[in-house]
Amino acid sequence: MFLDASAIVAICADEEDAGYLIAKIEMAKKPIYYSSLSLFEAVVSLARIVSISIHGDQEPTPPPMIDQAQQDVERFLETIGAKEISVNGTMHRSAILAARTFGRFVAHPARLNFGDCFSYACAKDHRLSLLFKGNDFSQTDIEAT
């Protein structure tokens, strides 16, 4: 299983469907994977969610909130025993193909963004199912967890 940032954020932010996503992780075959890109996107998104809840959406995210989000995301990934997949020198080809096929850039209904395209590429290239939140990936050919 590969973790998209959307699933990591939903769990770390204790969103409504966090329990459902945690159950999917608990039932999954091990190991569970993530990439540096999905970790980055999760940290920045989580920090922004917290910042907006405290300061509103017109204030920048304070750097200490990014630090705390990074600690929280890394602790979560360590707790579930997730392993990092390297984004290798050729994975950009799979990500570009995802953008060309399912991207917001080409007005596909899935509207995959930069991070989504790399999550898609990581899962596809390693023949892993993908754990995600939302309807974007369900409009692609990726195997959902």
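**View 1. R111 sits in the loop between α5 (91–102) and α6 (114–125) of this predicted model.** Helices (H or I, at least four residues) and strands (E, at least two) are DSSP runs, numbered from the N terminus. R111 is not a glycine, yet its phi is positive, about 50°. R111 counts as partly exposed because its relative accessibility is 42%. Buried means under 20% relative accessible area, exposed over 50%, and partly exposed in between (1.4 Å probe, protein chains only). Residues are numbered from 1 along each chain as its sequence is written, and side-chain values use heavy atoms, with hydrogens and water left out. In this predicted model, local features need pLDDT of at least 70 and side-chain atom pairs count only at pLDDT 80 or more, while totals for chains, interfaces and linings use all residues.

**View 2. D14 lies in the loop between α1 and α2.** D14 has a positive phi of about 55°, although it is not a glycine. With 63% relative accessibility, D14 counts as exposed.

**View 3. A cis peptide bond runs from K30 to P31.** Omega is near -5° for this bond. P31 belongs to the loop between α2 (18–27) and β2 (33–35).

**View 4. Helix α1 (residues 5–12) packs on helix α3 (residues 36–55).** The angle is about 40°, and the axes are 8 Å apart. That makes α1 oblique to α3. Axes are lines fitted to C-alpha atoms, for helices over the stretch in contact, and angles run from 0 to 180 degrees between N-to-C directions. Angles under 35 degrees count as roughly parallel, over 145 as roughly antiparallel, 65 to 115 as roughly perpendicular, and the rest as oblique. α1 passes α3 in a right-handed crossing, meaning that the near helix is turned clockwise from the far one by less than a right angle.

**View 5. Residues of both helices form the contact of α1 with α3.** From α1 come A5, I8, V9 and C12. From α3 come S38, E41, A42, S45, L46 and I49. Contact means heavy atoms within 4.5 Å. Seven of these residues are nonpolar, two polar and one charged. Ala, Val, Leu, Ile, Met, Phe, Trp, Tyr, Cys and Pro count as nonpolar, Asp, Glu, Lys and Arg as charged, and the others, Gly among them, as polar.

View 6. S51 counts as buried, at 0% relative accessibility.
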